[in-house]
Amino acid sequence: MAFFTSAPTAYFGSFSPLNEISLPSSAFNPLKLPPYWPWEKVKIGSLSVSPMGFGTWAWGNQLLWGYQESMDTELQQTFNLAVENGIYLFDTADSYGTGKLNGQSEKLLGKFIREFQGKKRVQDDIVIATKFAAYPWRLTPRQFVNACKASLDRMQIEQIGIGQLHWSTANYAPLQELALWDGLVAMYEKGLVQAVGVSNYGPKQLVKIYDYLKARGVPLSSAQVQFSLLSMGQDQLEIKNICDSLGIRLIAYSPLGLGMLTGKYTPTKLPPGPRALLFRQILPGLEPLLSSLREIAQRRRKTVPQVAINWCICMGAIPIPGVKTVKQAKENLGALGWRLSSGELLELENAGRKSPRRMIQNIFQTRAWTGREQKLRIMREDERRRANFNVWDETIVECSREITDISPMVLLKGADYFIEREWGDEKEGNVCERSKKQRRLASSCSAS
């Protein structure tokens, strides 16, 4: 399967993304190209990937997405369609899957890669970005490396494309945070991953881990956060600016706002399950944004989800919309091969700001800088460059101070709920007992 890297010509703008097309030719047979034009590549560290990936959170999640094993056949068809059309980036996590299905997303991805009926070169180009959970019992670098090895075993692959820390523990377990960072370093140095990244990191911690890894000779290649027209507040835009300045690739999860930006739902037509509670709060105020999306989609002969995803691409992020069906994959692929104009981007952002409610940020995302902290950060960076401070010592002090900024119990309660509902029956350790130790550590730090 051939993919073209040359710039698109004037022909490309007039084609429908859902029909196979061919370029005009007089003496030769028409040159058949994939319908979604996967010529464009972007960099994540040293890796070249498609400008959009697909997320696999739903592949095994029964609680939120209603997964059943009977869906596996269509999931495989969805995967094949994506790869055949140049989508080589797939995001997953070792925690994706409910209860006994823990890790199911990784298992399915590995199976689909092995069984893909295509050229071996294409299989080799597939980049798996998986996230390793900061479980309370993963307290040492070795335990984090073992988590990486377990993911490799589940997928039956030799090397992971991007190994990511799923969330930061700095707000409630700063010492564990440093051990996890060392785990990222170790898995990179051992060749278990080609690149390392983070997920749900706020601006402050993102700069800290970038500095820490850089001092160890490990580049931070990606930062994954919730980023969409529903989630473009001060924190997210600050994260984007930091990524741009440091050469970190921003990966945008939930680019469709869990489905709110698809145009499928209304205050009287809600999705089943827990999402309905969130949708009921946010959808009533979304009409200005959804109206702008519909108008632009109509002018462009696109769909509302395609416009919303294309906004992320135009912002320099790699969106990873979740897919469960062939129909969803086809529609999402239509977000490629074209760009919103600057006027359309401004129109959408203005409409987004009119929405009275935004997406709730992930409870594990660390918070942004205040104005005073920003000035102090710049001063500290200048001092560190002059004095060549030890990053490890400075980070311990910073993390210890930061624990006073937010009640550690708030985050720990969220973590306990999350662990109980999604991963309660783990064999690696006693969740309850270790959570108590984490609480004692957090309480002692916040009291000091």
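In this predicted model, T56 is found in the loop that runs between β5 (54–55) and α1 (62–65). With a relative accessibility of 1%, T56 falls under the 20% limit and therefore counts as buried. Its side chain has two polar partners worth a look. The side chain of T56 meets that of S105 in a polar contact of 2.6 Å, and a polar contact of 3.5 Å joins the side chains of T56 and T92. Leaving aside residues up to four places away in sequence, T56 touches D91, T92, Y96, S105 and L109.

D91 belongs to strand β6, which spans residues 89–93. Like any residue under 20%, D91 is classed as buried, because its relative accessible area is 3%. The side chain of D91 makes a polar contact of 2.5 Å with the side chain of K131, and another, of 3.0 Å, with the side chain of Q224.

Helix α5 (residues 141–155) packs with helix α6 (residues 174–189) at an angle of about 50°, and their axes are 7 Å apart. That angle makes α5 oblique to α6. The crossing of α5 past α6 is right-handed. On the α5 side the contact is made by P141, F144, V145 and C148, while α6 contributes A179, L180, D182, G183, L184, A186 and M187.

Helix α5 has a further partner in helix α3 (residues 104–115): the axes of α3 and α5 come within 7 Å and cross at roughly 45°. The two helices, α3 and α5, are therefore oblique to each other. Here the contact is made by E106, K107, G110 and R114 of α3 together with S151, R154 and M155 of α5.

N200 is not a glycine, although it has a positive phi of about 60°. The loop that holds N200 lies between β9 (193–199) and α7 (203–215). N200 counts as buried because its relative accessibility is 2%. For L258, also a residue other than glycine, phi is near 60° and positive. L258 is found in the loop between β11 (249–253) and α9 (275–282). At 17% relative accessibility, L258 is under the 20% limit and so counts as buried too.

These details sit within the protein chain as a whole. Its secondary structure comes to 17 helices and 12 strands. Of the 448 residues in the protein chain, 55% are buried. Among contacts with a separation of 6 or more, 78% are accounted for by residues 24 or more positions apart. The protein chain exposes about 20,000 Å², and carbon and sulfur atoms supply 52% of that area.

Technical notes
Residues are numbered from 1 along each chain as its sequence is written. This is a predicted model: local features need pLDDT of at least 70, side-chain atom pairs count only at pLDDT 80 or more; totals for chains, interfaces and linings use all residues. Side-chain values use heavy atoms; hydrogens and water are left out. Helices (H or I, at least four residues) and strands (E, at least two) are DSSP runs, numbered from the N terminus. Buried means under 20% relative accessible area, exposed over 50%, partly exposed in between (1.4 Å probe, protein chains only). Contact means heavy atoms within 4.5 Å. Accessible areas come from the Shrake-Rupley method with a 1.4 Å probe; for residues, only the protein chains shown count as cover. A polar contact is a pair of N or O atoms within 3.5 Å; within protein, one must be able to donate a hydrogen and the other to accept it, and residues adjacent in sequence count only if both atoms are side-chain atoms. Axes are lines fitted to C-alpha atoms, for helices over the stretch in contact, and angles run from 0 to 180 degrees between N-to-C directions. Angles under 35 degrees count as roughly parallel, over 145 as roughly antiparallel, 65 to 115 as roughly perpendicular and the rest as oblique. A crossing is left-handed if the near helix is turned anticlockwise from the far one by less than a right angle, and right-handed if clockwise.
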